[in-house]
Amino acid sequence: LMRKIEAVGKQLKEWDVEIYRGILTGFNEAFVIDGAKRDELIKKDPKSAEIIKPILRGRDVQKYATNYAGLWLINSHNNPPVNIDEYQALKEYLDGFYDKLEKRGDRGKTPYNLRNCAYLADFEKPKIVWAELSDAQKFTYDDTGFFADKTLFFMRGENLKFLLAVLNSKLVFWYFNQIAATSGVGTTMWQKAKLELLPIAVPKDEKPFIDLVDKILETKKTGGDTSELEREIDVMVYKLYNLTQEEIDIVEGIK
């Protein structure tokens with residue numbers, strides 16, 4: 001069955017996509033803040049809002065959904081280095097952690113700056129986001145500009161909604177578990193190197209997949225049940241790979 005899937009599919013790394021890791025701050029306790037602290041900093045200096053960005057963690061990302069916890073990143077990036085003196089409220093706040101900021105390995109030009117990140121602008125573009133460690137595949141789509149922390153990966157490029165449908169399918173879950181490393185505590189490591197090996201079949205028409213993905217994403221926003229829609233995608237994915245009923249039964253765990 002694995003050979004059949006591999007014969008039909010084109011490895012994800014051959015698609016027009018790039019996979020990146022989330023932001024590594026070196027000291028989240030300073031750079032990741034809650035909504036109350038954000039409001040306080042912006043009240044002191046409205047300019048602070050320019051570099052405070054909403055951020056997701058692994059636990060905030062579900063299958064086709066995000067449960068945003070109201071956390072924010074002080075994005076004092078190094079591309080080119082943000083001059084913290086232009087953001088006095090943020091400087092004053094970060095000064096409370098200065099010793100720790102200075103000692104951390106992951107830093108930019110000054111202790112106030114985050115490390116270099118060549119793909120910084122990509123966080124604010126449409127992307128697929130998922131947690132590195134998870135008991136099941138939990139890929140979702142974000143076009144609202146969330147940043148991601150180091151427990152997340154994200155994918156930018158073409159065909160994102162079609163790829164999202166396939167990545168969240170039962171077939172990919174079955175296949176990935178044949179090749180993936182596990183954490184040893186019941187979770188799978190959804191890492192870039194293994195994901196890039198996934199054989200993704202090229203469809204004649206992406207639109208039916210995209211339409212279902214859009215319906216699922218909208219339904220999830222209101223807390224609705226998407227199990228039937230997800231089932232439709234599973235069936236379409238089986239057809240995409242020309243699986244027989246016997247092969248489908250293996251994937252579904254019936255045999």
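**Exercise 1. State what share of the 255 residues of the protein is buried, and describe the overall build of this predicted model.**

Step 1. Of the 255 residues in the protein, 49% count as buried. The model is a predicted one.

Step 2. Take the secondary structure next. The protein has 11 helices and 14 strands.

Step 3. Turn to the extent of the chain. The C-alpha trace spans about 65 × 35 × 35 Å along its principal axes.

Step 4. Residues 24 or more positions apart make up 71% of them.

**Exercise 2. Find the volume of the largest pocket and the residues closest to its centre.**

Step 1. The largest pocket has a volume of about 300 Å³.

Step 2. This pocket is lined by 15 residues. Closest to its centre are Thr66, Tyr141, Asp143, Leu217 and Lys221.

Step 3. Assign the lining to elements. Those that give two or more residues are β6 (65-66), β10 (140-142) and α9 (207-221).

Step 4. The largest share of the lining, 5 residues, comes from α9.

**Exercise 3. Decide whether Asp122 is buried or exposed, and list what it touches.**

Step 1. Locate the residue. Asp122 sits in the loop between α5 (98-103) and β8 (127-131).

Step 2. Apply the cut-off: a residue is buried when its relative accessible area is under 20%. Asp122 has a relative accessible area of 15%, so Asp122 is buried.

Step 3. List the contacts, leaving out residues up to four places away in sequence. Asp122 touches Tyr20, Lys127, Phe154 and Arg156.

**Exercise 4. Report how many cavities of 30 Å³ or more the structure holds, and describe the lining of the largest cavity.**

Step 1. A search of the whole structure finds 1 cavity of 30 Å³ or more.

Step 2. The largest cavity has a volume of about 40 Å³.

Step 3. Its lining consists of Ile5, Leu171, Val172, Tyr175, Leu198, Pro199, Ile200 and Tyr241.

Step 4. The elements that give two or more residues to this lining are α7 (170-179) and β14 (199-200). Of the elements, α7 gives the most, with 3 residues.

How values were computed:
Residues numbered from 1 in each chain as written. Predicted model: local features only at pLDDT ≥ 70, side-chain atom pairs only at ≥ 80, totals over all residues. Heavy atoms only, no water. Helix = DSSP H or I, 4+ residues; strand = E, 2+ residues; numbered from the N terminus. Buried < 20%, exposed > 50% of the residue type's maximum accessible area, 1.4 Å probe, protein only. Contact = heavy atoms within 4.5 Å. 1 Å grid on protein atoms, 1.4 Å probe; cavity = no way out; pocket = protein on both sides within 12 Å on 5 of 7 lines; lining within 4 Å. Points joined across faces, edges and corners; volume = space filled by probe spheres on them.
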